Amino acid sequence: MTYAPHTTLNTSAGTGRALNLTLQRGRGTIIDQLLVILWLIVIPLEFPMAAFLRYPATALVLLATIVYWRDVLPLLKRGAFFFLLPALCLLSTLWSDAAMLSIRFGAFMAVTLVICAYTAARLDYRQFVVTVFVASSLLMIGSLIFGQTAYVGGLDGGYAMIGIFPHKNVLGLRMLILIIAAIAILLDRRYAPIWRMAAPAMMLPALYLLLGSNSATALVLLFAGGLLTALIGGIWPLAGRVPGLRPLLISGSIVFIGFAGLAVANIYQVNPYTAFLERLDKDTTLTGRTQIWEVGNQLIEEKPVIGLGAGAFWRPGVNQATRISTLFGAENNQFYFHNAYYEVMVHLGVVGLILFLITMGKAYWLLIRQWLTAPQAQDGFILTIAAILLVRSFTESELFSVFIMNPMIFWTGVFMVLFNDLRRRQTT
C-alpha cells in the first residue's frame, strides 16, 4: 500500500478552516502555525534570551513529528541523502579529540533537518512565509521596546543598536529577513489581505533597526536581496507572459554585471573590492577574517583528509581557538571560522568538503528546478534566502552550523520541494 501524505494534511487543513482559526489559509492548522512561530523564535541560537526554552521547544516539535509521523516519514525518506552530512559528523567521533562534542554536533544537525522536514510536511509555502513574518515581527517589536544600544567589540567595534540580540549583525540580519518576507507578501495576492496590509507597516521600523545596527553586511544584502525578491516575485511572473523575455532578462543581467565590473576595474582604474570596503569603513582583512583563515590553513595542513572531528576545534582548552575568540571578544571559545568551507575542512577534511558541496549542490538544484518548472509554487522569499546564504558562505559559517535561522528557512524550503515531488507522484 502506498501512502499519500497529502491526504492527512488536507484533512487537518479542513479542521483548521472549520474552526476559522488560521493565520494564512493552507493545509496546516493554527496549531501547526503557532508551533512553527515558536521554534522560529526560540530555537535559533542567535537569540540567547530564549535559551531556557530552546530544548523544550525542540522536544515539542519532535513530539509533533512523532504524532504526525505519517506526514513526516515519507518526506524524511525522500530527503535521506541530506542526512549523510550529519552522519559523517557522528562518524567523526572515532577520530575526534572531543567525541561528545562531535556527537552533539551531528545529532543537532540531524534534529535541525527533522524540524525543517516537519515544517514542510505540515505547512504549505505561504503559511510558512507568514510564520516567518510573524515571528520576525514579534522580535522586531521586542527590539523596539526592550532593545539596547551597546558597544560592539572586535576589530571593527563601535556603538550600535543590538535590540534584544547579542550582536548588531544578528539584529541586522533578523530585520533583513523580516523586510524580505514583507516584500514577498506584498507582491503576491495569494497572501491574506491582513498580511499584505501589515507588511509595509512592519517594514519601516525594521528598516530603522537595520540602519541603527550599523551592519554593513545587512545593508548590502538589503539592497541585493530586496531587488532579487522583487525580481522573482514581481518582474519574473510578468516576464513569463512575453515569449523569450525571461532568457533575455537573464542574459542581459549577466552581460550588464560583466561590463559594469570591467568598466569599474579597467576604465576607471578602481578596485571594486577595496573601494567598497573603504566606503563602508571596513578593512581589507574583512574585519579580521583573513587572520582567522590563516589559522584554518594551518589546521587543514595537519589533518587534510578527515579533519579534527565535528565541533572539536572551537572549545575550551584549544590554544588557537582561545587566542582567536579572545581577540574577537567571544566567550568560552564559541566562535567560527567565518567561512563555511574552512569550517567543514577543519572539522571534516576533504572528505567532508566533498560531501558538503554535493549536498548543497543538490539542495540548490532542487530549489532552482522548482522555480524554473513551477514558478507559481513560490515567490522570491526562499530563493532570496538561499542566495544570501550562498554569498555569505564565503564570510560566514552558517551553512555548516546547527540551529541557525537562515539555514533552517533554507532547508524547510528544500523539504517543501521534496513534498511537492511526493504529492505529484501520488497524483500521477
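What follows is a walk through a predicted model, from the whole chain down to a handful of residues.

First, the ground rules. Residues are numbered from 1 along each chain as its sequence is written, and side-chain values use heavy atoms, with hydrogens and water left out. Because the model is predicted, local features need pLDDT of at least 70 and side-chain atom pairs count only at pLDDT 80 or more, while totals for chains, interfaces and linings use all residues.

Let's start with confidence, which pLDDT expresses for each residue on a scale from 0 to 100. The protein chain has a mean pLDDT of 84, and 79% of its residues reach 70 or more. Over residues 1-18, though, the pLDDT is below 50, and this stretch has 32 contacts in the model beyond near neighbours in sequence. Residues 267-277 also have pLDDT below 50, with 15 contacts beyond near neighbours in sequence. A contact here means heavy atoms within 4.5 Å. Where pLDDT is low, the predicted coordinates should not be read in detail.

Now the overall fold. The chain comes to 17 helices and 2 strands; these are DSSP runs, with helices being H or I of at least four residues and strands being E of at least two, numbered from the N terminus. Of the 428 residues, 53% count as buried. Buried means under 20% relative accessible area, exposed means over 50%, and partly exposed is in between, using a 1.4 Å probe and protein chains only. Among contacts with a separation of 6 or more, 72% are between residues 24 or more positions apart.

Leu-88 gives one example of sequence distance set against spatial distance. Leu-88 sits in helix α5 and is buried, with a relative accessible area of 12%. Leaving aside neighbours within four places, Leu-88 is in contact with Trp-95, Leu-348, Val-351, Gly-352 and Leu-355.

Helix α15 (340-373) is where you'll find Thr-359. Thr-359 counts as buried at 1% relative accessibility, and beyond four places in sequence it is in contact with Phe-81, Phe-82 and Trp-411.

A cavity is a set of points on a 1 Å grid over the protein atoms alone where a 1.4 Å probe fits but cannot get out, and lining residues have an atom within 4 Å of a point. Grid points are joined across faces, edges and corners, and a volume is the space filled by probe spheres set on the points. By this rule there is 1 cavity of 30 Å³ or more, and the largest cavity holds about 110 Å³ of space. It is lined by 13 residues, of which Met-109, Leu-113, Leu-399, Ser-401 and Trp-411 are the closest to its centre. Helices α5, α6, α15 and α17 each supply at least two residues of the lining, with the largest share, 3 residues, coming from α6. By class, the lining has 9 nonpolar, 3 polar and 1 charged residues. Here Ala, Val, Leu, Ile, Met, Phe, Trp, Tyr, Cys and Pro count as nonpolar, Asp, Glu, Lys and Arg as charged, and the others, Gly among them, as polar.

On to helix α16, residues 381-392. Its 12 residues should span 16 Å at 1.5 Å a residue, and the end C-alpha atoms are 16 Å apart, which agrees; the expected span is 1.5 Å times one less than the number of residues. The helix is mostly covered, with 9 of its 12 residues buried, including Ile-385, Ile-388 and Leu-389.

Those three residues also meet Asn-406, which touches Ile-177, Ile-385, Ile-388, Leu-389 and Glu-398, not counting residues up to four places away. Asn-406 belongs to helix α17 (residues 405-427) and is buried, with a relative accessible area of 5%.

Two loop residues deserve a look at their backbone. Phe-403, in the loop between α16 and α17, has a positive phi near 55° without being a glycine, and counts as buried at 3% relative accessibility. His-338, in the loop between α14 (319-327) and α15, has a positive phi of about 55° and is not a glycine either; His-338 counts as buried at 14% relative accessibility.

Finally, an exposed spot: Gln-148 in strand β1 (residues 148-152) has 51% relative accessibility and so counts as exposed. Gln-148 and Ile-162 are 14 residues apart in sequence and 5.8 Å apart in space, C-alpha to C-alpha.

How values were computed
pLDDT = per-residue confidence, 0-100. 1 Å grid on protein atoms, 1.4 Å probe; cavity = no way out; pocket = protein on both sides within 12 Å on 5 of 7 lines; lining within 4 Å.
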